[in-house]
Amino acid sequence: MKALVYHGPGNKSWEDVPDATVQEPTDVVVKVETTTICGTDLHILQGDVAAVTDGRILGHEAVGTVTAVGDAVRGFSVGDRVLVPAITKCGRCEYCQRGMPSHCQTVGGIGWIFGHLIDGTQAEYVRVPYADTSLYAVPSEVTDEQAIFLADSLPTGYEVGVLAGNVRPGHTVAVVGAGAVGLSAVLTTGLWGASKVIAIDSNKFRLEKALEFGATDVVEVGPGTVGDVVALTDGLGVDVAIEAVGYPETLLTAASLVRPGGTIANVGVHGTPVELPMQDMWISNVTLTMGLVDTVSIPTLLKMVASGRIPAEKMGTHRFTFGQIDEAYSVFADAAANLALKVVITP
Ligand SMILES: NC(=O)c1ccc[n+]([C@@H]2O[C@H](COP(=O)([O-])OP(=O)(O)OC[C@H]3O[C@@H](n4cnc5c(N)ncnc54)[C@H](O)[C@@H]3O)[C@@H](O)[C@H]2O)c1
Ligand SMILES: [Zn+2]
Ligand SMILES: [Zn+2]
């Protein structure tokens, strides 16, 4: 079979590799019919993720068809259309039992293993461990191009942004960063009845997208960002500020936007320490949340996509075939300039 193989920082190639096979009785093999690229794949290619070593097949998102099942698998059969999520769960360890499979202990102590600790989904076939507890059947009403975004970005914006931020009816919500993850938060905030959803970004195209995704207001980043947002909330600040960029300044922006009693939900992956003004914050009764996505909201999101409440397909802006995967990476690596959000890659 063919797959996209990582060969150290800056190097990857679409090449022949041994076929994916069932290795454990709890495995299945899935023929990948749709995959996509995540910002994390770009970080890996820059050499930022040391655990990813030469020879690893990249990718942690897929929709496809089961082609082989291990002897112990009960919930899936050959021919089933499935979603392969970014997080794998054994279902038995301490963290899986607590509903926090992001920290599943069974393979390397982390739920994110595809394209990280084991071979990933940017390939013609992928081996899926703990298939019964990790895979999701895709309802017939949901297309591949909708389901693919439920593997990672939609659950991330929803779980680490909207749910962790405790968005409730009537709340005002600011989302700092309108990339795929921030827009996923915008798209799912409405499900909880937020009265205002304010998207903040430096990129005009992304702000236009935010309005399409359900933002009530947009603010272009500038010296007056905080004042502009606070003015939209009767001078009080927002109930929930979701950070979806991953820079110190954007977390500080989120912290300045939140009203007393509110929540700052940090979604961004940070690479450097952030100095928070605790001398001002301690008195404001705010909550700060953070974490790795669990993807446990996928069944809910699949239902909402199936019923038309979440137009997940809006996330895909560019389409490529496996043979064009290098081009797909180039477009995604410079997504803002290419007016891209997420790319859809098919055989
Ligand atoms: N916690 C998790 O489990 C998890 C999972 C997936 C991704 N992430 C992280 O979420 C973050 C967002 O991911 P993404 O794929 O949407 O990234 P992205 O790069 O597509 O989006 C980031 C957006 O932030 C905007 N931006 C940049 N600087 C800004 C500034 N100073 N103020 C306002 N906006 C600014 C960019 O224009 C862009 O639209 C990343 O840090 C990513 O690593 C976290
Ligand atoms: Zn990802
Ligand atoms: Zn586990």
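Predicted model: local features only at pLDDT ≥ 70, side-chain atom pairs only at ≥ 80, totals over all residues.
User: What is the order of the strands in the open sheet?

Analyst: Read it as β10-β9-β8-β11-β12-β13. That makes six strands, with parallel pairing.

User: Which are the edge strands?

Analyst: β10 (217-220) and β13 (287-289). Each of these two pairs on one side only. Across the sheet, neighbouring strands are turned by 15° against each other on average, ignoring direction.

User: Which helix lies across β9 and β10?

Analyst: Helix α7, residues 204-212. α7 runs at about 170° to β10.

User: Now the ligand. How many residues surround ligand 1, and which are the closest?

Analyst: The shell has 29 residues. The closest are G177, G179, V181, G246 and V269. Sort the shell by class: 16 residues are nonpolar, 10 polar and three charged.

User: Which elements each supply at least two residues of that shell?

Analyst: Helices α5 (153-163), α6 (180-189) and α9 (248-257) do, and so does strand β9. The largest share, three residues, is from α6.

User: Which domains does the shell around ligand 1 draw on?

Analyst: Domain 1 (2-152 + 294-346) and domain 2 (154-289) each give at least three residues.

Conventions. Residues numbered from 1 in each chain as written. Chains lettered and ligands numbered in written order. Pairing = 2+ DSSP bridges. Helix = DSSP H or I, 4+ residues; strand = E, 2+ residues; numbered from the N terminus. Axes fitted to C-alpha atoms, helices over the stretch in contact; angles between N-to-C directions. Contact = placed C-beta atoms within 7 Å. Near = placed C-beta within 6 Å. Nonpolar A, V, L, I, M, F, W, Y, C, P; charged D, E, K, R; others polar. Domains from an automatic or database assignment.
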